[in-house]
Amino acid sequence: MTETVLDVRDLAISLCDGPTPVAAVEGVNFSINRGEVFGLVGESGCGKSLCALALAGLLKAPMAISGGQILLEGRDLATLPPREMRHLRGNKVSMIFQEPMTALNPLMTVGDQIGEMFVLHRGLTARAARMKAIEALEQVQVSSPERRINAYPHQLSGGMRQRVMIAIALACDPALLIADEPTTALDVTIQAEIVELVLDLCRARGTAVMMISHDLGLVARICNRVAVMYAGQIVEQRSAGDIFTAPAHPYTRGLVDALPRLGRRLERGQERLTEIGGVVPAIRDFPQGCRFAPRCGRVTPECRAAPVSMTDLNKGGRVRCLHHV
Amino acid sequence: MKAGANLYVGGGIILLIAVLAIFAPLIAPYDPVTSANLMYAEEPPGAQFWLGTDEQGRDIFSRMVYGARISLFIGLAVQVMNTAIGVSLGLSAGYIGGWWDEMVQGLTNLMLSIPTIVFALALMAILGPGLLSLLIALGMTDWAYSCRISRAQVLTQKSLNYVQSARTMGFGPLHVMFRELLPNIAGPLIVVATMGVGSAIMAEASLSFLGLGVVPPNPSWGGMLSSAREQLMVAPWVAIFPGLALFAAVLGFNLLGDGLRDLLDPHGKGRK
């Protein structure tokens, strides 16, 4: 039986620096099951990272959660007091970032940084935490962990640092791991290794993973289900296979068409990759109706008239479009 | 000047003064207070009294060696207090922000607008002369620079991922401020604090010169200068040597601060 770890209902995040709050993200609904890998894709500025920060309770003013629920194992994180939220962070919800170069404290040995997690969340002594840190480094496949534990971050390569980050993030067996573009800053050859490592460790522990990325190829390969975000809304949510073979939303179709694929040029006889014209509208300039309307090829007057809601697709999944495929 | 020379010259001067201060009873040939003997008043420097004697016949070298204890102790203690206050305020203001930041900044500007010595004078007038009041008066009035610098450093550091990731892993604000941020901004703060010791020694001397610092007959460089004022024409050595000591101490701390800055600042490494 599948057990829901995270259930996000109607999440809205607003920018509250003007006279009236402006919704930067709204109507976000998704859930992640135990051991599942859920992908959140979209271009820069569409609200992916805001969602991730909201889940970790780390939104900074002027951004704030303005509605909805974030249920982690049944507890609503959106209304949790900061002290309890802090206790959950690192313990139940963990996060890895895209920049392993700066994500570690440059003045502490990696052993101390991993060990701190056990001291903080498990109440271990420094000595016991050190042993656990060695174990944790071993699990992320760092060679000779007894020696590496005394290394400072600048002595390690980017891939090594990201492994250390993973060790820190998974130290306390969190229920949910948020991976915010964990491989963007790494060499292509190391990207695959790191992703495999994260997936293996999470599968073994039953940790749910929310993979935030704009790398569609990566998401297609590793995720079970995928949500595509555009301008602060989820526009399509499907199983990973379907979303790439038969995208329903014109935006998703645009994204998939913009992907270079081996041999495709020959197949279709086209000269260049298709792009989506225009740019994502700014938060304050979101259109009244469908937010993708200004850039959409299938737009009709009714698209612009009123906000579009999510509809169920026959083949499973949901889409936010009046004229979906 | 060759890179690193500042550090060694400054460090050397401070080390010399520190050795004199620590081993004062072994080094000083006479007692600084009870050796008064009017038969030997205002002797010029010579074999018996290396640096001469003052108007009460006390050996100037001995008094200077004991005076180094006061100067060094006050300088260091005052700077520890100032740095503790300044860094705590600056660190929290930069990290927490909001109304607290506004308030700390206002207070810092207020402190900067009043000359330290005037503020300290006013406090001394209220507290009365003595070592403890001197510590309080100087230790609470010169923290504005360390506050500003730590705040500015925190602002540049706090957006870096390691701070964000520490928060993500569930560490509280105190841990993030003192365990993550403080070590990473310590470089510039050490420089400011070192140079501040020089100004604190100077401030102590000024207050003692005005009769508000160390109570006579206890030897302090400022106090010695003050009582030497009247014999400046007949016995200039009474003023010259404590003045030189003061000069050397302040120069020493400033050179040390400069040297530390060159050492700790990664951008300065390639520069001549």
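How many residues of chain A are in contact with how many residues of chain B? In this predicted model, where local features need pLDDT of at least 70, side-chain atom pairs count only at pLDDT 80 or more, and totals for chains, interfaces and linings use all residues, 21 residues of chain A are in contact with 13 residues of chain B; two residues are in contact if their C-beta atoms, placed from the backbone, lie within 7 Å. Residues are numbered from 1 along each chain as its sequence is written, while chains are lettered from A and ligands numbered from 1 in the order in which they are written.

On the side of chain A that touches chain B, the elements giving two or more residues are helix H2 (82–88), E6 and helix H3 (110–122) of chain A, where helices (H or I, at least four residues) and strands (E, at least two) are DSSP runs numbered from the N terminus. H3(A) gives the most to this side, with 3 residues. The residues of the side of chain A that touches chain B divide into 11 nonpolar, 7 polar and 3 charged, with Ala, Val, Leu, Ile, Met, Phe, Trp, Tyr, Cys and Pro counted as nonpolar, Asp, Glu, Lys and Arg as charged, and the others, Gly among them, as polar.

Strand E6 (residues 93–96) of chain A deserves a look of its own. In a regular strand the side chains alternate between the two faces of the sheet. Val93(A) and Met95(A) point one way from E6(A), whereas Ser94(A) and Ile96(A) point the other way, and all are buried; a residue is buried if 20 or more other C-beta atoms lie within 10 Å of its own, exposed if 12 or fewer, and partly exposed in between, with C-beta atoms placed from the backbone. E6(A) pairs in the parallel sense with strand E7 (residues 176–180) of chain A over 4 bridges, pairing being assigned if DSSP finds at least two bridges between two strands. Within this pair, Ile96(A) stands opposite Ala179(A) in E7(A).

Elsewhere in chain A, an open sheet of 4 strands has the order E2-E1-E4-E5, with antiparallel pairing. Its edge strands, each pairing on one side only, are strand E2 (22–33) and strand E5 (75–76) of chain A. Strand E4 (residues 63–72) of chain A is joined to E5(A) by 2 bridges, and Leu71(A) stands opposite Asp76(A) in E5(A).

Turning to chain B, helix H8 (residues 161–168) is mostly covered, since 7 of its 8 residues are buried. These buried residues of H8(B) pack against E6 of chain A together with helix H7 (144–157) and helix H9 (173–209) of chain B. Just after H8(B), Gly170(B) takes a positive phi of about 95°. The buried residues of H7(B), among them Tyr145(B), Cys147(B) and Arg151(B), pack against helix H3 (60–96), helix H4 (98–113) and H9 of chain B.

Asp59(B) lies in the loop between helix H2 (24–27) and H3 of chain B. Asp59(B) counts as buried because 25 other C-beta atoms lie within 10 Å. Leaving aside neighbours within four places in sequence, Asp59(B) is in contact with Pro29(B), Tyr30(B), Ser35(B), Phe49(B) and Thr53(B). The C-alpha atoms of Asp59(B) and Trp237(B), 178 residues apart along the chain, are separated by 11 Å.
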